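Subject: Structure handover

Hi,

Here is the structure you asked about. Have a look at it first, then read on for what turned up.

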Amino acid sequence: YPNHFHSEAGGNMRHYGTPEPPEYTSRYHLLDMPVHLIAGLGDKLIGPTNVLRHYECMKNNGVDVSIESIEHCGHADFTCGLHHMALNGILASVDNMHDKLIAKREVLKELQKKKLITPHF
(Lines give C-alpha, C1' and ligand atoms only; values in the text may rest on other atoms or scores of the structure.)
Protein backbone atom coordinates (compact mmCIF):
# COMPACT_ATOMS: atom_id res chain seq x y z
CA TYR A 1 0.00 0.00 0.00
CA PRO A 2 1.97 2.99 -1.23
CA ASN A 3 1.72 6.42 0.28
CA HIS A 4 -0.26 9.12 -1.54
CA PHE A 5 0.74 9.51 -5.22
CA HIS A 6 1.42 13.11 -6.23
CA SER A 7 0.23 13.26 -9.83
CA GLU A 8 1.64 16.65 -10.82
CA ALA A 9 4.96 16.57 -12.70
CA GLY A 10 7.79 15.96 -10.22
CA GLY A 11 5.41 15.89 -7.26
CA ASN A 12 6.68 12.60 -5.85
CA MET A 13 10.31 13.69 -6.22
CA ARG A 14 9.62 16.94 -4.38
CA HIS A 15 7.55 15.28 -1.67
CA TYR A 16 9.31 11.92 -1.15
CA GLY A 17 12.63 12.26 -2.98
CA THR A 18 11.75 9.33 -5.29
CA PRO A 19 9.68 9.04 -8.50
CA GLU A 20 7.21 6.72 -6.73
CA PRO A 21 5.61 7.13 -3.31
CA PRO A 22 7.11 4.92 -0.56
CA GLU A 23 5.55 1.52 0.08
CA TYR A 24 5.25 0.96 3.83
CA THR A 25 4.11 -2.63 4.17
CA SER A 26 7.46 -4.05 3.06
CA ARG A 27 8.92 -2.50 6.23
CA TYR A 28 6.32 -3.73 8.73
CA HIS A 29 8.59 -6.58 9.85
CA LEU A 30 10.89 -3.91 11.35
CA LEU A 31 8.25 -2.80 13.87
CA ASP A 32 9.37 -4.02 17.28
CA MET A 33 6.76 -2.35 19.46
CA PRO A 34 3.05 -2.93 19.96
CA VAL A 35 0.75 -1.22 17.47
CA HIS A 36 -2.92 -0.47 18.08
CA LEU A 37 -5.04 0.54 15.09
CA ILE A 38 -8.36 2.30 15.47
CA ALA A 39 -10.76 2.36 12.52
CA GLY A 40 -13.40 5.05 12.46
CA LEU A 41 -16.44 3.58 10.76
CA GLY A 42 -17.38 7.09 9.62
CA ASP A 43 -13.90 7.95 8.33
CA LYS A 44 -14.08 9.10 4.69
CA LEU A 45 -10.34 9.81 4.42
CA ILE A 46 -8.89 6.45 5.58
CA GLY A 47 -11.75 3.99 5.57
CA PRO A 48 -12.00 0.96 7.85
CA THR A 49 -11.21 -1.40 4.96
CA ASN A 50 -7.79 0.26 4.56
CA VAL A 51 -7.12 -0.01 8.29
CA LEU A 52 -8.07 -3.69 8.23
CA ARG A 53 -5.68 -4.30 5.31
CA HIS A 54 -2.81 -2.76 7.27
CA TYR A 55 -3.78 -4.79 10.34
CA GLU A 56 -3.69 -8.03 8.36
CA CYS A 57 -0.38 -7.14 6.74
CA MET A 58 1.18 -6.26 10.12
CA LYS A 59 -0.15 -9.48 11.67
CA ASN A 60 1.28 -11.51 8.76
CA ASN A 61 4.66 -9.84 9.35
CA GLY A 62 4.80 -10.77 13.03
CA VAL A 63 3.88 -7.36 14.44
CA ASP A 64 2.20 -7.27 17.88
CA VAL A 65 -0.89 -5.49 16.54
CA SER A 66 -4.45 -5.03 17.75
CA ILE A 67 -7.41 -3.29 16.17
CA GLU A 68 -10.72 -1.78 17.19
CA SER A 69 -13.46 0.10 15.37
CA ILE A 70 -15.55 2.98 16.60
CA GLU A 71 -18.91 3.83 15.06
CA HIS A 72 -19.71 7.34 13.84
CA CYS A 73 -16.09 8.52 14.11
CA GLY A 74 -14.32 10.23 11.26
CA HIS A 75 -10.75 11.32 10.69
CA ALA A 76 -11.07 14.62 12.56
CA ASP A 77 -12.54 12.83 15.58
CA PHE A 78 -9.27 10.96 16.03
CA THR A 79 -6.95 13.75 14.95
CA CYS A 80 -8.52 16.41 17.14
CA GLY A 81 -10.07 14.27 19.87
CA LEU A 82 -13.55 15.52 18.98
CA HIS A 83 -15.46 12.35 19.87
CA HIS A 84 -15.33 10.92 23.39
CA MET A 85 -15.25 7.31 22.13
CA ALA A 86 -12.26 8.08 19.92
CA LEU A 87 -10.41 9.74 22.78
CA ASN A 88 -11.26 6.87 25.17
CA GLY A 89 -10.00 4.35 22.60
CA ILE A 90 -6.75 6.21 22.11
CA LEU A 91 -6.11 6.60 25.84
CA ALA A 92 -6.93 2.94 26.55
CA SER A 93 -4.57 1.76 23.82
CA VAL A 94 -1.75 3.98 25.13
CA ASP A 95 -2.28 2.57 28.63
CA ASN A 96 -2.21 -1.01 27.30
CA MET A 97 0.91 -0.37 25.19
CA HIS A 98 2.65 1.17 28.19
CA ASP A 99 2.06 -2.03 30.16
CA LYS A 100 3.41 -4.14 27.27
CA LEU A 101 6.52 -1.98 26.93
CA ILE A 102 7.24 -2.13 30.68
CA ALA A 103 6.94 -5.94 30.56
CA LYS A 104 9.25 -6.10 27.54
CA ARG A 105 11.79 -3.88 29.29
CA GLU A 106 11.77 -6.20 32.31
CA VAL A 107 12.44 -9.23 30.09
CA LEU A 108 15.33 -7.38 28.42
CA LYS A 109 16.80 -6.48 31.82
CA GLU A 110 16.73 -10.14 32.86
CA LEU A 111 18.42 -11.19 29.63
CA GLN A 112 21.11 -8.53 30.18
CA LYS A 113 21.69 -9.77 33.76
CA LYS A 114 22.19 -13.28 32.42
CA LYS A 115 24.57 -11.86 29.77
CA LEU A 116 22.38 -13.31 27.00
CA ILE A 117 22.14 -9.91 25.30
CA THR A 118 24.09 -6.66 25.45
CA PRO A 119 22.55 -3.19 25.47
CA HIS A 120 22.47 -1.59 22.03
CA PHE A 121 22.26 2.00 23.23
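A word on names: helices (H or I, at least four residues) and strands (E, at least two) are DSSP runs, numbered from the N terminus. This is a predicted model, where local features need pLDDT of at least 70 and side-chain atom pairs count only at pLDDT 80 or more, while totals for chains, interfaces and linings use all residues. Residues are numbered from 1 along each chain as its sequence is written, and side-chain values use heavy atoms, with hydrogens and water left out.

Pockets and cavities. Both come from a 1 Å grid over the protein atoms alone: a cavity is a set of points where a 1.4 Å probe fits but cannot get out, and a pocket is an open set with protein on both sides within 12 Å along at least five of seven lines. Lining residues have an atom within 4 Å of a point. Grid points are joined across faces, edges and corners, and a volume is the space filled by probe spheres set on the points.

The largest pocket comes out at about 310 Å³. It has 13 lining residues, and the closest to its centre are Ile38, Asp43, Ile46, Val51 and His75. Strand E1 (35–40), helix H2 (48–60) and helix H3 (75–80) each put at least two residues into that lining, with H2 giving the largest share, four residues.

What about enclosed space? There is one cavity of 30 Å³ or more, with a volume of about 30 Å³ for the largest cavity. Pro34, Val35, His36, Ser66, Asn96, Met97 and Lys100 line the largest cavity. E1 and helix H4 (84–113) are the elements giving two or more of these residues, and H4 gives the most, three.

Now the core (buried Ala, Val, Leu, Ile, Met, Phe, Trp, Tyr and Cys residues joined through side-chain atoms within 4.5 Å; buried is under 20% relative accessible area, exposed over 50%, partly exposed in between, with a 1.4 Å probe and protein chains only). The largest nonpolar core has ten residues, among them Tyr28, Val35, Leu37, Val51 and Met58. E1 and H2 each give two or more residues to this core, and H2 has the largest share, four. A second, separate core of five residues includes Ile38, Cys73, Phe78 and Ala86.

Last, tyrosine 24 sits in the loop between helix H1 (11–16) and E1. Tyrosine 24 is partly exposed, at 37% relative accessible area.

Cheers
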